[in-house]
There are 2 protein chains.
Amino acid sequence: MHYPLSVLNLIKNLAKLPGVGEKTAERYAMHILRFSQKEAEQLASAILDMKQKVRICNSCFALSETEVCHICSNPSRNNTLLCVTEQPADMVAIEKSGSFNGLYHILAGVLSPINGIGPDNIKIRELIKRIDDGKITEVVIATSTSIEGEATASYIVQCISKYPVKITRIASGIPIGGDLKYVDQVTLKKAMETRHAI
Amino acid sequence: MHYPLSVLNLIKNLAKLPGVGEKTAERYAMHILRFSQKEAEQLASAILDMKQKVRICNSCFALSETEVCHICSNPSRNNTLLCVTEQPADMVAIEKSGSFNGLYHILAGVLSPINGIGPDNIKIRELIKRIDDGKITEVVIATSTSIEGEATASYIVQCISKYPVKITRIASGIPIGGDLKYVDQVTLKKAMETRHAI
């Protein structure tokens, strides 16, 4: 009760953001207090605007403001290549790298029995349907390399191995610019196992 | 352009918060997308509500929703004791510690010639006026121990030394629970110099 009520209320709401505790929320609130009225209004309306406008692409389940996202509706993308990611942000990361010109399929989660998330809770059925349509020739599985991401990748391989598509997994190894001595042992082992001829 | 426009707009606005870069703003935006409509509205309205309601106490310059804040208007506080802090958040930190029952005076900044902030830009004149009123018997200077905080403390001492008030400075030293070997040398030197009999 040391701050006015409206400040406490904002702190409480900001503390719902991921990784934001009471101290950080307090810092953000103090900063917002110093915002101009216009800046504060812009922030508030950006929140509501995004909630109102953003929906999920009917085809790949990426974030979109239209029924079909700008990647799915882009005729210059290679529609025989499909990259499977966990979240929209993973897709954005790959797009930023400029290394992929195919289409995406966002699972919107990973298999996680401990959290009660099974194959029916993520977009695996929709993935199989897209492959069943017959246009896709290669599926790049780009789920993360966590235990759950790997389990999800294995499950997908199991589900789609009967289709005549090439199934690939995004490579694991030493990050570029990374110092060998600081890389963890599991990554190093993986990098050694999947070494390739030069 | 990999996210929809409304998402990019929110990311841009969130990145104005202190210590929040593009990556963190992106993470916050993805989290807000998963908020319920109600939660998103609560966050947006909390921002606007705070901006609209919060003003500055006429007497101590703390944040308040009323003309005079709940501390200045509390008759059970010791109104002969005045604690000078840089920012409202510093006042809140002292209040949370429960170690002070007097009134506050928020400078709303520190002297910082390099940033063009002189005595007239912070509430020093108002502080002198409060002391000139004659009720105050002790002024506790609780500006931070940065170079600017110390310079501000020295300047205040200079300004008010002609008044018949006791002037004190909040103590510096080893944080409680702190390990001596990890404490920086300037703090350690200060703690040694200001050692007291037990």
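## Exercises on the two-chain interface

B:E22 and A:K96 form a salt bridge, with the closest N and O atoms 3.5 Å apart. The model is predicted: local features need pLDDT of at least 70, side-chain atom pairs count only at pLDDT 80 or more, and totals for chains, interfaces and linings use all residues. Residues are numbered from 1 along each chain as its sequence is written, chains are lettered from A in the order in which they are written, and side-chain values use heavy atoms, without hydrogens and water.

**Exercise 1.** State how many salt bridges the rule finds across the interface of chain A and chain B.

Solution. Step one is the rule: a side-chain nitrogen of Lys or Arg lies within 4 Å of a carboxyl oxygen of Asp or Glu. Step two is the count, which is four across this interface.

**Exercise 2.** Describe the extent of the contact between chain A and chain B.

Solution. Take contact as heavy atoms within 4.5 Å. Then 53 residues of chain A touch 53 residues of chain B. Next, take buried area as the accessible area (1.4 Å probe) that two parts lose on being put together, summed over both. This area is about 5000 Å², and carbon and sulfur atoms give 68% of it. In chain A, the most area is lost to chain B by A:H2, A:M50 and A:K51, together 15% of what that side buries.

**Exercise 3.** Explain why the copies meet through the same surface.

Solution. Compare the two sets of interface residues: 100% of those of chain A are also interface residues in chain B, so the surface is the same.
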